[in-house]
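Biologist: Please take one part of this model and look at it closely. Then connect that part to the rest, in plain terms.

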Amino acid sequence: MDQAALLKEKVQNGFIVEGIEDMNEEYLTALKQTLTIVGDTELLSVPPLLTVYDQAPTLNSKITALAIMQDEIGHAHIAYRLLKDLGEDVDRLLYEREAHRWKNPYAFDFELSNWIELGVFNAFFDRAGYTLLGDAFEHTSYGPWKRALVKVDKEELFHLRNGEIIMRTAMQDPNLREEVQKAVDWMFLMALEFFGVEDRLKSRSAQLEYRLKGRSNDELRQKWLSTAVPFCESIGVKVPAHYDEEQQKYVLDVPFPCKFDPVNKKWLFDQPDTWDNVIKRFKQRGPKNKEFVARIQKGAKELEQLRKEAV
Amino acid sequence: MTAAQQRKTFDIFARVKRGDQLAYIGTVEAENEELAKVYASFTYDEEDWAEMVVVDRSGLVWVRKPKWLFA
């Protein structure tokens with residue numbers, strides 16, 4: 001039996017990988033790709049949150065938002081530390097990588113318009129993170145990641161609850177209800193895009209074969225819908241999805257994927273799209289990609305310049 | 001020597017409350033032990049730990065390692 005077949009069989013039967021000496025090249029590559037996406041996503045969630053944190057309605061809200069951002073940086077730190085232990089040059093990854101090569105979701109390349117959007121960001125996007133990383137926590141074959149996710153899992157739940165509180169409170173204020181609906185209208189499908197290409201379009205998944213994760217993209221999307229939709233319905237927010245009794249699953253009431261107008265942050269439901277085009281849109285990046293990555297890299301670049309001048 | 005080369009890896013162990021196992025909770029990189037203590041406290045603040053310790057990874061003496069699959 002070759003290395004790939006042996007490792008796949010073992011991890012499907014519960015074998016936990018503890019070090020590089022347990023991996024074949026394909027496993028190592030898939031793991032590094034996964035951890036890069038995770039680290040980039042955690043870290044690049046902070047710049048959009050910062051765009052509105054000074055609009056916090058109370059000091060307590062501001063402290064909570066800052067605590068959440070600190071958590072996200074901590075989660076990014078964990079993913080990058082794991083990458084370093086796998087031989088990656090993390091300083092280069094963080095401070096020398098061009099903006100368009102970062103792997104954070106497209107949704108994080110936008111500034112937020114108001115405090116309500118920060119709430120929906122927590123309630124929807126952190127829920128997506130909680131769904132994806134909760135699955136990894138439950139199923140991943142990589143021991144060091146599984147252990148690190150104890151902290152992450154706990155904190156992401158706190159983030160999404162914070163988002164729910166902001167949304168629920170805003171829905172009780174007639175002046176803010178419309179803002180909640182407006183935020184949900186563009187952020188709902190954005191959150192669904194976190195889970196990636198539909199299963200039927202994927203020929204194989206190294207992440208699943210090597211059990212880096214346990215559930216498929218569509219299964220994870222359904223899991224997100226199974227908590228996000230009932231929550232939105234419970235507070236009176238309209239979402240373009242419902243549970244279909246016949247199919248025993250959540251179905252969307254709008255074309256998905258579909259084209260998006262990034263300037264007006266609006267889905268063009270009359271223009272259904274393909275996943276190939278969605279991937280192209282991801283790669284073209286959103287409007288704040290360069291600015292947000294520059295913000296992450298600014299301090300390190302300035303410090304490096306000072307060091308050079310001092311020598 | 002660059003800043004990155006001056007940093008060392010520290011492993012972190014902590015106990016949530018008296019009587020618990022001292023558990024491995026993560027790692028930080030730092031230039032020295034004092035900074036490692038600060039980074040560990042701020043990064044791993046998910047519990048109100050009763051005890052927390054940072055250990056320079058190069059000081060860990062392994063008695064046994066896993067039986068590697070492909071080594």
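Modeller: A:Gly87 follows H4(A), and its phi is positive, near 95°. This is a predicted model, and that angle is a computed value. Now the helix itself. H4(A) has 27 residues, which at 1.5 Å a residue should span 39 Å. Its end C-alpha atoms are 39 Å apart, so expectation and model agree.

Together, 17 residues of chain A are in contact with 12 residues of chain B. On the chain A side, the elements that give two or more residues are H1 (3-12), H4 (59-85) and H7 (143-171). H7(A) gives the most, with five residues. For the complex, the predictor gives an ipTM of 0.90 and a pTM of 0.95.

Now the partner. Chain B holds two helices and three strands. Along the sequence they run α-β-β-α-β. The radius of gyration of chain B is 14 Å, well over the 11 Å that the globule rule gives for 71 residues, so chain B is more spread out than a compact globule. Its C-alpha trace spans about 35 × 35 × 20 Å along the principal axes. Of its 71 residues, 20% count as buried. Take the contacts in chain B between residues at least 6 apart in sequence: 48% of them join residues at least 24 apart.

One buried residue of chain B deserves a visit. B:Val54 sits in strand E3 of chain B. Why does B:Val54 count as buried? It has 22 other C-beta atoms within 10 Å, and the cut-off is 20 or more. Leaving out residues up to four places away in sequence, B:Val54 touches B:Phe10, B:Ile12, B:Glu33, B:Ala36, B:Lys37 and B:Ala40. B:Thr9 is 45 residues from B:Val54 in sequence, yet their C-alpha atoms are 9.7 Å apart.

How far can chain B be trusted? Its mean pLDDT is 93, and 93% of its residues reach 70 or more. Within chain B, confidence is highest in strand E3 (residues 51-56), at 98. That is the strand that holds B:Val54. Confidence is lowest in helix H1 (residues 3-6) of chain B, at a mean of 69. Where pLDDT is low, the predicted coordinates should not be read in detail.

Technical notes:
Residues numbered from 1 in each chain as written. Chains lettered and ligands numbered in written order. Predicted model: local features only at pLDDT ≥ 70, side-chain atom pairs only at ≥ 80, totals over all residues. Helix = DSSP H or I, 4+ residues; strand = E, 2+ residues; numbered from the N terminus. Rg over C-alpha atoms; globule rule 2.2 N^0.38 Å. Buried ≥ 20, exposed ≤ 12 C-beta atoms within 10 Å, placed from the backbone. Contact = placed C-beta atoms within 7 Å. Expected span 1.5 Å × (residues − 1). pLDDT = per-residue confidence, 0-100.
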